[in-house]
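Please keep the sequence and the structure open while reading.

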Amino acid sequence: MADHVDLVLEQWGEQRPDLDASPMAVLGRLKRLAQLVDAELRRNFARHDLDSASFDVLATLRRSNAEHSLTPAGLMRSSMVTSGAITQRLDRLEARGLVTRAPSETDGRGVQVTLTDDGLRLIDAVLPTHLETEQSLLAGLSKAEREQLADSLRTLLESLGDKRD
């Protein structure tokens, strides 16, 4: 069975046989996969009036500690949201009553971001549908294939400097 990336590789093989286009077999598929996965995840988040970055902020707060509270810097380290997006996301989430920002009790200059009761209810409602969406996206792989893929991707990420903080 062939996919779109196979077509691209064949075309490059014909047009530039002097080049090794084999990295495209992995990276091209990762890129196409990311696009398909993002589209499905966005659909699920939209059902809950969220976007991916807002979900990530809420989920990070939910899983981080019993108080569901972090500093903005802690949120950036623990989430998949960039520093430029944190303030904007927090403004939107706070306007919706899903998080609060308050001065830190331990650092007079710092701020603590905390899930509100509404934020906690929302993330607890979204998480099961998010996991169902992810399960359906991976349905084409066996458990062993999922584990092997996860291990291979971890190895690649570590080789590129991505590590646990």
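**Helix packing and core**

Helices α3 and α5 pack with their axes 10 Å apart, at an angle of about 80°. Axes here are lines fitted to C-alpha atoms, for helices over the stretch in contact, and angles run from 0 to 180 degrees between N-to-C directions. Helices and strands are DSSP runs (H or I, at least four residues, for helices; E, at least two, for strands), numbered from the N terminus. The pair α3 and α5 is therefore roughly perpendicular; angles under 35 degrees count as roughly parallel, over 145 as roughly antiparallel, 65 to 115 as roughly perpendicular and the rest as oblique.

The model is a predicted one, in which local features need pLDDT of at least 70 and side-chain atom pairs count only at pLDDT 80 or more, while totals for chains, interfaces and linings use all residues. Residues are numbered from 1 along each chain as its sequence is written, and side-chain values use heavy atoms, with hydrogens and water left out.

Which residues bring α3 and α5 together? On the α3 side they are A53, S54, V57 and L58, and on the α5 side I86, R89, L90 and L93; contact means heavy atoms within 4.5 Å. By class, this contact of α3 with α5 has six nonpolar, one polar and one charged residues. Ala, Val, Leu, Ile, Met, Phe, Trp, Tyr, Cys and Pro count as nonpolar, Asp, Glu, Lys and Arg as charged, and the others, Gly among them, as polar.

Helix α3 also packs against α6: their axes come within 10 Å and cross at roughly 105°. F55, L58, A59 and R62 of α3 meet L120, L122, I123, D124, V126, L127 and H130 of α6. The residues of this contact of α3 with α6 divide into eight nonpolar, one polar and two charged.

The largest nonpolar core has 20 residues, of which L58, L61, L75 and V99 touch the most other members. Such a core is a set of buried Ala, Val, Leu, Ile, Met, Phe, Trp, Tyr and Cys residues joined through side-chain atoms within 4.5 Å. Two or more residues of this core come from each of α2, α3 (52-64), α5 (83-95), β3 (111-115) and α6 (117-137). The most come from α3, which gives five. Leaving aside neighbours within four places in sequence, L75 is in contact with V57, T60, L61, L70, I86, L90 and V113.

T60 lies in helix α3. Is T60 buried or exposed? Its relative accessibility is 0%, so T60 counts as buried; buried means under 20% relative accessible area, exposed over 50%, and partly exposed in between (1.4 Å probe, protein chains only). Not counting residues up to four places away in sequence, T60 touches L70, L75, S78 and S79.

At the other end of the scale, A95 of helix α5 is exposed, with a relative accessible area of 71%.

D49 is placed in the loop between α2 and α3 and, at 54% relative accessibility, counts as exposed. H68 is placed in the loop between α3 and β1 (69-70) and, at 14%, counts as buried.
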